[in-house]
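Hi,

Here is the structure I promised to pass on. Have a look at it first, and my notes on what turned up follow below.

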Amino acid sequence: MLVTVLLLLVALSVQGGNGEESQESQKPGHVSVVIVGGTGDLAKKYLWQGFFQLYVNQVSSGNTFSFYGGGLSPVDTAKPIFFEILKAVSCSKDVSEERCAVLKDQFLRLSQYLQLKDQEDYQNLAKLIKEELQQEGITEAGRLFYLSVPAFAYADIAEKINNSCRPTSEAWLRVVLEKPFGHDYRSAQVLASELGNSLKDEEMYRIDHYLGKQVVANILPFRTQNKKFLDPIWNKHHIERVEIVLKETLDVKGRIAFYDQYGVIRDVIQNHLTEIMTLLTSKLPMNLSSTEEVLRNKLDIFSSLLPVGRNQAVTGQYQEYKAAVQQELNKTKDHISLTPTFAAVLAYVDEARYEGVPILLISGKMLDERVGYARILFKNDIFCVQNHNSVHCKPKQIVFHFGHGSLKYPAILVSKNLFKPVLMDSEWKEVTEHTDVNVLGLPISDYYVQTPLEQKEAYSELISHIFAGRKNSFINTENLLASWGLWTPLLSSLALTFPRIYPGGAENGDLLDVRVKGKEISFNNEVVIIGSDQAGGASAKGFQVMQGKFRSAEMVSAWSEELVDRLAADIQAAAEAAVREGGVFHLALSGGATPLALFHRLALHHFSFPWTDTHVWMVDERCVPLTESESNFRNLHDNLLQHVRIPYYNIHPMPVQLNQRLCVEEDGGALLYEKEVAKLVNGSSFHFVLLGVGYDSHTASLFPGSKVEEFGERLVVLTESPAKPHQRMSLTFSAINQARTVALLVMGKGKHELVTQLSRAKDNQDKYPVTGVKPKDGRLVWYIDYDALLG
């Protein structure tokens with residue numbers, strides 16, 4: 001009871017907090033602000049206004065400022081443009097005209113343009129800052145660099161800042177980065193590594209301007225302040241679905257060079273909408289002001305999200321996009337771009353609290369309205385027999401309305417049949433006088449509505465957070481890579497998918513409506529082809545599944561997605577047949593990266609798979625603890641077993657660790673596994689064995705030169721791998737070849753040379769171990785994707 005009271009007091013004491021202010025920012029002194037790309041479009045529209053607002057707010061705080069606009073253009077060329085931009089800044093309504101005129105004049109006098117092109121330019125900037133500090137006799141508080149430049153320039157500029165412009169005293173350094181932060185997981189990892197050579201993670205502020213929107217910034221505070229109402233209903237028993245939507249009416253003309261490389265998922269879903277999803281689903285922090293706790297809780301959500309594959313997304317492209325690409329990129333008329341301008345993605349959080357709750361992330365260009373919102377739609381267990389307009393039978397929902405749309409202003413709305421929310425704080429007000437507006441199926445009068453007293457621009461808000469050293473509104477390296485880890489597999493699977501063509505605006509009608517069925521999403525109606533050339537390229541690569549022969553055995557071939565679909569279906573068919581025949585299905589699975597897509601497919605789409613009657617065995621295992629990432633069983637568990645309802649006693653990891661030792665012969669781990677197989681598997685004959693093939697043609701952990709003939713009739717043995725970790729435990733050909741069906745899965749262009757060699761090689765187990773796979777009374781089927789088959 002005492003612990004509960006203490007926790008409650010802690011929670012109440014932090015409810016007003018919204019970010020953690022670093023100790024550095026408490027020390028008044030001189031701050032040098034440098035916008036690299038200071039005459040660009042972003043700087044013109046938002047950044048200088050944001051920094052002017054910062055200056056207005058801080059002018060009486062004891063801090064002094066210098067502002068520098070940097071760019072590649074010479075001073076004579078850019079200086080007039082620079083000062084025209086600065087003259088356009090404005091004050092908020094609470095500042096008088098006279099006061100505003102004085103502040104603008106001061107701001108202009110404190111600002112100058114510098115060419116920042118090479119290392120010498122950055123050295124000169126450092127000298128200028130040093131001279132100013134000495135002349136004025138003031139202490140330096142910090143230096144803030146805002147990189148409003150393309151991402152490919154980040155690493156080079158960061159290196160120049162690190163080499164020449166670091167403050168020499170205890171002053172802070174903060175470097176702000178604009179998205180995109182990479183194109184996929186690998187590029188984000190490389191960029192993070194390059195930046196890490198010059199900057200510490202705490203010095204980098206990766207900005208997502210959506211996190212500066214007032215409604216988005218108050219999702220966690222709203223959840224915290226209304227905890228007593230939300231705790232009983234913020235779960236799978238009450239939430240029907242979550243929708244996070246960003247609709248735009250504009251096209252991407254003038255931005256094609258950028259947009260065609262990125263598309264809607266990379267442009268807004270991977271960042272803006274994903275960040276909002278984590279705010280809605282993450283565990284509430286004990287302390288809202290703790291940056292570390294907020295970011296850690298968001299990171300936990302990434303580790304709990306189920307994989308997102310091609311069947312969890314649908315994509316579209318507005319009709320005029322093709323012509324814009326041809327024109328702006330100087331392409332021929334037969335050029336077809338597969339870049340989506342619309343996407344709807346289905347996500348699930350694999351936690352007990354949210355199990356089975358669909359989360360829809362939807363965004364697109366050229367839609368019917370400009371609006372952004374997140375909606376939590378709750379289940380309604382009341383049925384009104386006569387008065388269907390009763391408040392009890394209307395939708396129960398909470399809407400975080402970011403702005404625009406029919407409502408026009410940002411607001412948090414709670415339907416009146418849920419609860420009356422606590423007023424956010426003194427900067428928010430309750431709206432009691434309503435216009436005749438509907439929001440997501442309800443008239444505005446059916447909601448409790450809260451809106452900010454003063455609408456603040458997102459960049460201005462985030463700039464104030466950067467100055468204060470508050471990082472929970474920014475993206476750290478760990479969370480960035482976790483996000484790309486979620487989205488990269490989907491982007492890869494969609495690379496050859498033709499988006500649905502839609503006309504744009506109101507003419508879209510119901511063309512982009514989606515349907516959620518199980519854990520899959522699809523367009524609600526049949527595809528409508530707009531124009532005669534869209535499907536022309538679809539047959540160019542051919543997406544059909546082909547069957548044939550390879551090394552005198554059956555072969556199934558297709559593009560990777562279709563191949564995995566087919567293999568998963570074949571495994572389920574074998575499982576159902578085995579269960580009908582004998583009540584049990586014995587499945588032996590290989591490790592490595594190749595079968596991961598198959599594991600995801602089985603977990604996400606085969607809900608009728610007879611897991612309760614299935615025993616899962618290992619084909620081979622590395623001699624490492626089963627909890628380590630290198631363990632085949634750990635990968636199998638993380639990507640399949642934890643997502644399906646299989647009895648724990650039906651799971652059979654290889655005993656590579658006995659007596660606190662790894663793969664010691666006298667501990668008898670291999671013999672122990674062999675006895676378990678012989679005891680449970682009828683005739684030691686697995687129903688289905690899945691194998692891969694290494695570049696050296698090894699299969700299971702049977703490597704070239706293993707002298708497999710020495711294993712005799714043993715079913716399980718210890719082997720040696722040429723790669724670390726060297727020791728392995730593996731099924732032998734005696735075990736493999738007793739199986740009813742053996743599947744060999746070969747995928748990727750990197751395997752093309754191997755497939756070519758094997759197509760010509762004679763049986764030679766010592767040189768090509770895979771040639772020893774010859775089921776005695778069963779089937780051997782090669783599953784080879786087109787990349788491996790055709791190169």
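**Aromatic rings**

One aromatic cluster is formed by Trp48, Phe52, Tyr55, Phe65, Phe67, Phe82, Phe83, Phe107, Tyr113, Trp172 and Phe467. Before going further, keep in mind that this is a predicted model.

Trp172 from that cluster also has a charge on its ring: the charged end of Arg174 sits over it, 3.8 Å from the ring centre. There is another case of this kind at Tyr695, where Lys751 lies over the face of the ring at 5.1 Å from the centre.

Searching the whole structure gives 31 aromatic pairs.

What does Ile207 touch, once residues up to four places away in sequence are not counted? The list is Tyr146, Val176, Leu177, Glu178, Lys179, Phe181, Tyr459, Leu462, Ile466 and Phe474.

Pro180 itself lies in the loop between β5 and α7.

That brings us to α7, which packs with helix α15 (residues 477-493) at an angle of about 165°, their axes 8 Å apart. That angle makes α7 roughly antiparallel to α15. The crossing of α7 past α15 is left-handed. On the α7 side the meeting residues are Tyr185, Ala188, Gln189 and Ala192, and on the α15 side they are Thr477, Leu481, Trp484, Gly485 and Thr488.

α7 turns up again around helix α6. The buried residues of α6 (residues 154-164) are Tyr154, Ala155, Ile157, Ala158, Lys160, Ile161 and Ser164. Which elements cover them? Among them are β1 (30-36), α5 (119-136), β4 (140-147), β5 (172-178) and α7 (185-196). Note that Lys160 is on the buried list along with Ala158 and Ile161.

Val564, Asp565, Leu567, Ala568 and Ile571 of α17 make the contact with Ala597, Leu598, Arg601 and Leu602 of α18.

**Backbone spots to check**

Most residues other than glycine have a negative phi, and most peptide bonds are trans. With that in mind, a few places deserve a look.

- Lys724 to Pro725: this peptide bond is cis, with omega near -15°. Pro725 is in the loop between β31 (716-720) and β32 (727-731).
- Asn330: phi is near 55°, a positive value in a residue other than glycine. Asn330 is in the loop between α13 (321-328) and β9 (342-347), and counts as exposed because its relative accessibility is 69%.
- Cys663: phi is near 50°, again positive in a residue other than glycine. Cys663 is in the loop between β29 (661-662) and α20 (669-680). Is it buried or exposed? At 8% relative accessibility, Cys663 counts as buried.

Last one: Thr435, in the loop between β14 (428-431) and β15 (438-439). Its relative accessible area is 58%, so Thr435 is exposed. From Thr435 to Arg779 the C-alpha to C-alpha separation is 71 Å, and the two are 344 residues apart in sequence.

Cheers

Notes:
Residues are numbered from 1 along each chain as its sequence is written. This is a predicted model: local features need pLDDT of at least 70, side-chain atom pairs count only at pLDDT 80 or more; totals for chains, interfaces and linings use all residues. Side-chain values use heavy atoms; hydrogens and water are left out. Buried means under 20% relative accessible area, exposed over 50%, partly exposed in between (1.4 Å probe, protein chains only). Helices (H or I, at least four residues) and strands (E, at least two) are DSSP runs, numbered from the N terminus. Contact means heavy atoms within 4.5 Å. Rings of Phe, Tyr and Trp (its six-membered ring) pair if their centres lie within 6.5 Å; planes under 30 degrees apart count as stacked, over 60 as edge-to-face and the rest as tilted. A charge sits over a ring if NZ of Lys or CZ of Arg is within 6 Å of the ring centre and within 35 degrees of the ring normal. Axes are lines fitted to C-alpha atoms, for helices over the stretch in contact, and angles run from 0 to 180 degrees between N-to-C directions. Angles under 35 degrees count as roughly parallel, over 145 as roughly antiparallel, 65 to 115 as roughly perpendicular and the rest as oblique. A crossing is left-handed if the near helix is turned anticlockwise from the far one by less than a right angle, and right-handed if clockwise.
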